[in-house]
Amino acid sequence: YFATDPFVQLPDKQVMTLHDFVPPAQLERSAFFTDYLVPWDSIYHLGVDLRDEGRYYARLRVSRPRHAGNFSAAERSVVERLVPHFDNAIRTRAALDAARMGRAAYAEAMDQLTLATLILDASGRVIHANALARELLDTPDRLSLSGDRLSFTEPADAKRFREALERAI
């Protein structure tokens with residue numbers, strides 16, 4: 001029945017009812033209405049579609065039975081107030097996915113280096129170690145990994161590292 005659902009491709013970020021989107025007489029003659037909505041007593045629908053530059057497409061649908069009646073302007077307004085939050089969530093997800101892909105590509109390139117490479121955050125936590133660095137840290141001599149922090153056997157090395165990190169920051 002979803003293939004025959006007429007309540008698709010709504011105008012971006014516009015909250016509307018199924019009866020607004022498809023003329024009621026046309027809707028109520030359709031097989032989708034008579035064979036699917038009526039038997040399930042899911043007559044009234046409210047929805048909104050959100051798109052993010054072709055990457056994501058999200059649909060929110062709320063339905064209810066015939067005895068509840070169609071959605072009011074006040075009920076539509078509740079969903080309209082949610083739209084900016086849904087939109088923000090979709091854009092945040094898209095940005096996180098892009099950052100994740102970029103980081104994965106960067107990590108893969110780092111693993112190809114013949115130089116042991118560690119990436120640290122501003123507090124000195126290791127956020128990435130390429131394959132060669134992981135191999136060296138797994139066989140500790142003067143340097144090892146303790147949780148997500150570098151650990152030095154020599155206090156002078158630890159002091160030089162902290163000073164270098166502070167200068168870099």
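Mentor: Let's sort out the labels: helices (H or I, at least four residues) and strands (E, at least two) are DSSP runs, numbered from the N terminus. This is a predicted model, where local features need pLDDT of at least 70, side-chain atom pairs count only at pLDDT 80 or more, and totals for chains, interfaces and linings use all residues. Residues are numbered from 1 along each chain as its sequence is written, and side-chain values use heavy atoms, with hydrogens and water left out.

Now for your loop. Find Ala 68, which sits in the loop between β3 and α4 (73-111). Ala 68 counts as partly exposed because its relative accessibility is 36% (buried is under 20%, exposed is over 50%, and partly exposed is in between, with a 1.4 Å probe and protein chains only). Now jump from Ala 68 to Thr 153: that's 85 residues along the chain, and the two C-alpha atoms are separated by 72 Å.

Strand β3 (56-64) is worth a stop, as β3 and α3 (31-40) are the elements that give two or more residues to the lining of the largest pocket. A pocket here is an open set of 1 Å grid points that fit a 1.4 Å probe, with protein on both sides within 12 Å along at least five of seven lines; lining residues have an atom within 4 Å of a point. Among the lining residues are Phe 32, Tyr 36, Leu 37, Arg 59, Arg 61 and Ser 63. Phe 2, Asp 5, Phe 7 and Leu 18 belong to that lining as well, and so do Ser 42 and His 45.

Last, go back towards the start of the chain. Check their backbones: Gln 9 has a phi near 55 degrees, a positive value in a residue other than glycine. For Lys 13, also not a glycine, phi is positive as well, near 65 degrees. As for cover, Gln 9 counts as exposed because its relative accessibility is 53%, while Lys 13, at 31%, counts as partly exposed.
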